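Okay everyone, have a look at the model on the screen. I'll walk you through some parts of it, and you can follow along.

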Amino acid sequence: MTRWCAALLLSVGSPLVLQAVALGQEPVPSVQERARAAAAASRARTGDSDALRSNVVTPGLAGQPIATVDGKTSFTPSISCQKSATLLELLVQPGATGDLGQVRIAHDRDFDGAFDNQTQLPVPVSGVCANGVIACNPGTWEGCRAYAWNVDESQKIGLTQTAMTRLAGCYCLNNSCGSNLAWGNMAGVLKDLGGGVVGALTTADPRIGVAQAQVEGPVIRYIGAQTTACATNPAVDQTRYKAAPTLLAGDAEAVAAASSIFQAVKASPAGFGKAQQVSVCTINRETSMSSPDPQTIITRSSGGYATIAPAPDRLSFLMGSPGDDSLKGGKCGIFDFRMTIDVGDGDRLKAVRLARYYADDWAQVRVDGQLVASGPSPWTDMGLPPGKCERGGPFNAAPAVDLTTSMTPGSHEIWLRVAVGDEGEAFAQIDADLDLACRASERVVDLCAGYASQSHCHLKDETVDGVATFRSGVGTGLSPLPQTRTVGTGACTTQLTRDFFLRERRYACTIDTGVQTPPDLSRSAYIIDRSTETLLADRARTADGGVAQTTRPFALPERGSVPACEAICKTRAARVNSDAAPDGVVGALQNSPQGWDTYYHACTADNVCPAGDGEEILSACGCLDDFPQAVAMMQTVRLAGADLVCTASAP
């Protein structure tokens, strides 16, 4: 007996194992084994859209039992008020030309389980879009007309003619693009048609929820339910936010006021005395176009006797007494003529000059008291001329003296001083050349600078020229392309290209409104800063009000090994490019309509690639890294959406 027990102990390994074997018990699975089993069961029931729909969505909307992840418990949910296992049925019949000669839609509008509305499309379907269909001359891509799905007030499904640019995801399926496309891709065609109908139906009545139930040959059936309200009227509380989103804030405040949990958190030390205020502001680029009036640039405010415009961009200011022998000077008389010129916009003054002057007998021209010209010979002082006063006739000069630097913004005095012996006359002409070109002006008005400079405010949302760049405090990664806008009206217009014109921002600012001090988080900061993977540091307050610092060994539970990645494989399948655009079928515009669809599959547990029918394996199971290809494709799409500028030169 002793030898038999010893041998049994040696063969099994320990008395515990012997006891378990003797009693017929199995070893208890480890925590990791139980977690992996639960994850596998969850993945089997909800790992992809088909599994989620068949195991949860379809039975839930149809009022059928739903099993838990482990399959041990089932229950029948009631998440809607009215259900219909046959909410929608769509039947197609391809013709000899490849077009869908018949498309019939049956609809249960009142959720009583019976179809009460039948719709047959009045046109053959040559192409299918995400939100409509295209009807062309049968078998061709000529005479095409675009239609969008539409649901009227009585929930009758039909088509409304529209522009093709308002449709999305269009492709051709008649014989002009290939043979047997409809029959060869029947399941996909039915899903695309049904998806467009469902989208129009749920847009018309937000209460309705639908799920694909089954595709059988040329038929697709949907189940559905009223998922948000039991009332027959779609305008109920649960759907009114779609029409008036501003109501949501007030309703949320009312619900929060009635919630004991919310009020408890609000009154806690962490929440008491703190409030968050959301402020809206803009950074706006204001632009304008100016075409100035010459009088706003330079004008004669006093003195002189005339202002003329010999050209649209020139003004001439005249002064003196030009009439023959209009001045009586006796032996030698001095006459002063003064004219005041006001300069408004000096930047638009191209040039100002003394164009011409003459006198009988002597003349001086001064600007703001400074001598700029004299004749017939130099006369520089304020006394009488340096020679005989009577010259026996007039002299005439055209010096074109540049006065531009003297014409600063403000008032300037032009002084014509004349000496006349016996009888004579005097004249001076000041010319101003103007810049009357249209000018664009801009300024950035930043009303957000105050919020951005405050440490207790952070950017919550931002929209730049209609593109959301921040949402809920997180950058979206999107940025707008440079915008070009036309500024001005009529003949005075120009185009400005800028990085942005309008930034609309929402800042969330924390406001301290209370009396309570915030909680002390220094202990947690101490633990985080001083602890390691093997040592736990702590600092706690003692009974006498002091602080005690402690350390003790620390170890994380043993973590099992995991694969470096989820093994995937890459495949491709041949595809004829039948996508449609306003200019025609894309494949017809290419050198070869042959294309490829690329697929990525998660490999099975035994490292086998689950390639579909007609798929060619490009990369076997492994840790694939196609990031460079993904970046190249995204860059291609981005550049394809950029504006194209076509230029041409004369031969």
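Let's start with Arg109, which forms a salt bridge with Asp116, with the closest N and O atoms 3.4 Å apart. By salt bridge I mean a side-chain nitrogen of Lys or Arg within 4 Å of a carboxyl oxygen of Asp or Glu. Arg109 is partly exposed, with a relative accessible area of 28%, and Asp116 is partly exposed too, at 32%. Those words have cut-offs: buried is under 20% relative accessible area, exposed is over 50%, and partly exposed is in between, using a 1.4 Å probe and protein chains only.

Before I go on, keep in mind that this is a predicted model, where local features need pLDDT of at least 70 and side-chain atom pairs count only at pLDDT 80 or more, while totals for chains, interfaces and linings use all residues. Residues are numbered from 1 along each chain as its sequence is written, and side-chain values use heavy atoms, with hydrogens and water left out.

How many salt bridges does the structure hold? There are 22. One of the pairs is Asp336 with Arg417, whose side chains meet at 3.8 Å, N to O. Asp336 lies in strand β17 (residues 327-343) and Arg417 in strand β23 (residues 410-424), so this pair ties together parts that are 81 residues apart in sequence. Strands here are DSSP runs of E with at least two residues, helices are runs of H or I with at least four, and both are numbered from the N terminus. Are the two partners buried or exposed? Asp336 is partly exposed at 42% relative accessibility, whereas Arg417 is buried at 8%.

Next pair: Arg498 forms a salt bridge with Glu442, and here the closest N and O atoms are 2.6 Å apart. The pair links distant parts of the chain, with Arg498 in strand β30 (residues 492-498) and Glu442 in strand β25 (residues 439-446), 56 residues apart. Both count as partly exposed, Arg498 at 27% and Glu442 at 33%. There's also a network of salt bridges that links Glu89, Glu216 and Arg221.

Okay, zooming out. The protein has 13 helices and 38 strands, and of its 651 residues, 30% count as buried. If you take contacts (heavy atoms within 4.5 Å) with a separation of 6 or more, residues 24 or more positions apart account for 63% of them.

Now find helix α6, residues 186-204. This helix has 19 residues and reaches 27 Å from its first C-alpha to its last, close to the 27 Å expected at 1.5 Å a residue. That expected span is 1.5 Å times one less than the number of residues. Several α6 residues are buried, among them Met186, Leu190, Leu193 and Val197.

On to a couple of loops. Asp70 sits in the loop between β1 (66-67) and β2 (74-75), and Asp70 is exposed, with a relative accessible area of 51%. What does the side chain of Asp70 make a polar contact with? The partner is the side chain of Thr68, at 2.6 Å. A polar contact is a pair of N or O atoms within 3.5 Å; within protein, one must be able to donate a hydrogen and the other to accept it, and residues adjacent in sequence count only if both atoms are side-chain atoms. A polar atom of the Asp70 side chain also lies 3.1 Å from the backbone nitrogen of Lys72.

Compare that with Asn577, in the loop between β34 (568-576) and β35 (580-581). Asn577 counts as buried, at 14% relative accessibility. The Asn577 side chain reaches the backbone nitrogen of Asp579 at 3.2 Å. Leaving out residues up to four places away in sequence, Asn577 touches Val585, Val586, Gly587, Gln590 and Pro593.

The peptide bond from Gly375 to Pro376 is cis, with omega near 5°, and Pro376 is in the loop between β20 (370-375) and β21 (395-397). Then there's Ala400, with a positive phi of about 50° although it is not a glycine. Ala400 lies in the loop between β21 and β22 (401-402). Ser472 also has a positive phi, near 55°, and Ser472 is exposed at 54%.
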